[in-house]
Amino acid sequence: MFLTFIIINVLLLFAGTEEPRWWDYPGFELWKFVNLAIFVIALIFAMRKFVGLPEKFRDRKETIKRELARAQRERDAALAKLKEVEERLGRLDIEVATIKELSSREAREERERIALSTEAEIAKLSEQAAREIESAGKAARRELRRYTAEQSVRLAEELVRREMKPEDDARLIATNIEDLGGAAQ
């Protein structure tokens, strides 16, 4: 403070007038700023000498450098990852188009396979139906022959019963006996 007082008095001597100058303007006196500057310089000097401020600043500076280097590495890694993602997104359209083409081709092949399978199944069913129809026709013809034979036998029996007389019956029995007797010898 004493130093400030001396400096201000020296300045006033050089001014040589009693009216306030720019450095002595009320509320904005120069001595206050000079006093503050001296105090700050003394404070910095004391802190450097007694508190070890330069080492702290140096340590802080190194810490900040390390943090900046780490942040730079992280930024570079993030940019590389971003570039990779952008490349993948660029290839995504191609991959989507490829997948669409592949799926449409597979669908087309599946439709063709199903159509061929359906045609083969239709042919197989047609052959089976033809065999079944043929088999049913044969069975129907056999049944028709059997029925015809039964009806023929029945009609023949009726005809024989109706037209056969007792003398015809006796003559048939005698003929059968003779045939049996001749066969026994």
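Arg70 and Glu74 sit four residues apart, about one turn of the helix, in helix α3 (residues 53-163). Helices (H or I, at least four residues) and strands (E, at least two) are DSSP runs, numbered from the N terminus. The two side chains form a salt bridge, meaning a side-chain nitrogen of Lys or Arg within 4 Å of a carboxyl oxygen of Asp or Glu. Glu67, Arg70 and Glu74 are linked in a network of such bridges.

This is a predicted model: local features need pLDDT of at least 70, side-chain atom pairs count only at pLDDT 80 or more, and totals for chains, interfaces and linings use all residues. Residues are numbered from 1 along each chain as its sequence is written, and side-chain values use heavy atoms, leaving out hydrogens and water.

The count comes to eight salt bridges, including these in helix α3:

| Pair | N to O distance | Separation |
|---|---|---|
| Arg70 and Glu74 | 2.6 Å | four residues |
| Arg146 and Glu143 | 2.1 Å | three residues |
| Glu150 and Arg146 | 2.4 Å | four residues |

Arg146 counts as partly exposed because its relative accessibility is 38%; buried means under 20% relative accessible area, exposed over 50%, and partly exposed in between (1.4 Å probe, protein chains only). Glu143 at 41% and Glu150 at 40% are partly exposed too.

As for the whole chain, four helices and two strands follow the pattern α-β-β-α-α-α. Of its 185 residues, 4% are buried.
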